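Hi there,

Here is the structure I promised to pass on to you. Have a look at it first, and then read my notes below.

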Amino acid sequence: MKNLSIILLFLGLCACTNISKKTKTTNISSNYVPQEYVKLTHPQWSKNASFYQINTRQFTPEGTFAAAEHQLPRLKELGVDILWLMPIHPIGEENRKGSLGSPYSVKDYYGVNPEFGTLDDLKSFVNAAHELGMYVILDWVANHSAWDNELRHKHPNWYTKNSQGNFQPTPWWDWSDIIDFDYNVPEMREYMTDAMKYWVKEVNIDGYRCDVAGFVPLDFWENVRAELDAIKPVFMLAEWEMRDLHAKAFDATYAWSWQEAIHDILSGHADLNRLFVYYSWNEGAYPKNSYRMTYVSNHDANSWEGTVFERYGSEEKVATAIVLSIVGEGMPLIYNGLEAGNIKRLEFFEKDPIEWKEHKFKPLIQKLLALQKQNSALWHGEYGATMERIYNTNPTEVFSFIRENTKDKVFVVINFSDKEQDIQFMGPQTAGVYTELFSKQKATLTEDASLKLAPWEYRVYVR
């Protein structure tokens with residue numbers, strides 16, 4: 001039986017060889033040739049970029065574009081690239097929440113909220129950002145408007161109605177200050193598209209972050225992207241987590257599942273298998289040339305779920321999440337105030353300025369973003385290297401991986417536990433001569449190298 005198995009294996013290899021040779025000389029139907037799923041072209045400047053979200057109302061004591069403009073050199077020094085401004089439009093007064101209302105209740109898609117300044121102030125902010133080599137995207141709310149948006153009265157048929165024939169907020173959500181559009185109406189789609197084109201033409205913005213993008217039909221977004229790109233190359237971020245959005249509409253989608261996994265691990269409700277599931281799903285289901293936004297906080301998480309310290313725990317725990325959000329696969333987001341170790345939930349409907357101070361997160365973020373920008377293995381989509389898991393002797397508590405291409409290599413080890421870890425690695429990819437990012441020490445690691453890590457310690461080895 002053993003000899004028979006060897007003979008069959010040999011015949012099988014021969015058959016495979018013959019098939020391989022035959023394949024090379026046969027004209028293959030185009031039906032079997034792999035097609036690139038992502039049809040859009042990412043702006044060249046986005047390949048190693050990061051996001052910084054500005055909650056204009058809370059970003060400065062003044063809460064204006066002019067005051068925010070004075071902070072641009074500081075943001076440049078921090079190392080961020082794409083500045084995401086929360087909605088800049090006048091806010092509805094009818095059914096308003098709080099005294100100032102939600103920026104996501106849009107009263108006029110062509111207007112500027114006087115709370116933040118004037119159109120000229122916004123233009124000045126965008127121009128100043130461009131001069132520093134940064135880019136600006138606006139938060140766009142296409143799913144719904146304020147009750148007192150003039151469109152409700154001029155074009156009532158542009159809105160959805162409930163079974164009683166009345167205007168309605170988005171079903172199942174406590175969004176009583178808004179009413180939903182009806183994207184079955186072509187004229188409504190044209191209006192919304194023209195409004196988005198206006199800000200690209202008039203203010204020279206560089207794209208949009210699109211609120212609840214999955215609540216709006218995909219074919220609308222695909223047409224919008226084509227019409228915006230005809231003006232200038234834009235960058236589009238979807239507040240949604242769906243592969244189809246990447247084909248022709250959006251450069252990046254939210255990595256909600258990544259953030260949920262990190263939260264569960266750091267709050268003690270899961271081990272590292274939660275991350276393995278995310279990365280397996282991300283690599284298998286999403287095209288290589290799609291960008292996913294990784295984050296530890298944003299306006300929703302901070303205001304409604306808690307500060308990073310409430311949600312993750314100690315500074316050491318938060319730091320591990322920041323490290324992985326930047327050096328792992330993903331386009332990192334820094335929410336304003338993270339670099340200052342913001343310890344409060346920012347009010348959503350009232351004035352509540354960030355309390356700025358020096359904090360250890362700032363140099364941490366600076367070092368990581370500088371590395372991400374210069375090290376091509378950490379770039380996004382097809383420009384960067386796919387994460388490869390490095391096995392170690394305690395895989396449920398110590399996360400280890402490499403990202404490597406022909407030019408650069410980064411080997412990352414993070415202890416996601418409150419215990420000292422003495423681990424050994426398994427695999428030839430570990431071997432190499434590195435410089436550790438934070439200690440600046442040289443390190444020569446073998447394929448079976450051992451490391452001792454303090455609780456919540458991280459090491460980033462760079463070749």
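Helices (H or I, at least four residues) and strands (E, at least two) are DSSP runs, numbered from the N terminus. Over residues 1-23 pLDDT stays under 50, and the model has 1 contact beyond four places in sequence for them; contact means heavy atoms within 4.5 Å. Where pLDDT is low, the predicted coordinates should not be read in detail. The chain as a whole averages a pLDDT of 94, and 94% of the residues score at least 70.

Two notes on the bookkeeping. This is a predicted model, in which local features need pLDDT of at least 70, side-chain atom pairs count only at pLDDT 80 or more, and totals for chains, interfaces and linings use all residues. Residues are numbered from 1 along each chain as its sequence is written, and side-chain values use heavy atoms, leaving out hydrogens and water.

**What I found**

The chain has 15 helices and 19 strands. Its radius of gyration (taken over C-alpha atoms) is 25 Å, close to the 23 Å that the globule rule (2.2 Å times the number of residues to the power 0.38) gives for 463 residues, so the chain is as compact as a globular protein of that length.

Look for the closed barrel: 8 strands run β1-β2-β3-β6-β7-β8-β9-β10 with parallel pairing (two strands pair if DSSP finds at least two bridges between them). Within it, 3 bridges join β3 to the parallel strand β6 (residues 207-210), and Asp139 stands opposite Arg209 in β6.

There is also an open sheet of 3 strands, in the order β12-β15-β18, with antiparallel pairing. Its edge strands, β12 (391-392) and β18 (450-453), each pair on one side only. Strand β15 (residues 421-426) is joined to β18 by 4 bridges, and Gln421 stands opposite Leu453 in β18.

Finally, helices α5 (residues 119-131) and α7 (residues 186-203) pack at an angle of about 70°, their axes 10 Å apart. That makes α5 roughly perpendicular to α7 (65 to 115 degrees). The contact is made by Leu119, Leu122, Lys123 and Val126 of α5 with Tyr198, Trp199, Glu202 and Val203 of α7.

Enjoy exploring!

Note on methods: Axes are lines fitted to C-alpha atoms, for helices over the stretch in contact, and angles run from 0 to 180 degrees between N-to-C directions. Angles under 35 degrees count as roughly parallel, over 145 as roughly antiparallel, 65 to 115 as roughly perpendicular and the rest as oblique. pLDDT is the predictor's confidence in each residue, from 0 to 100.
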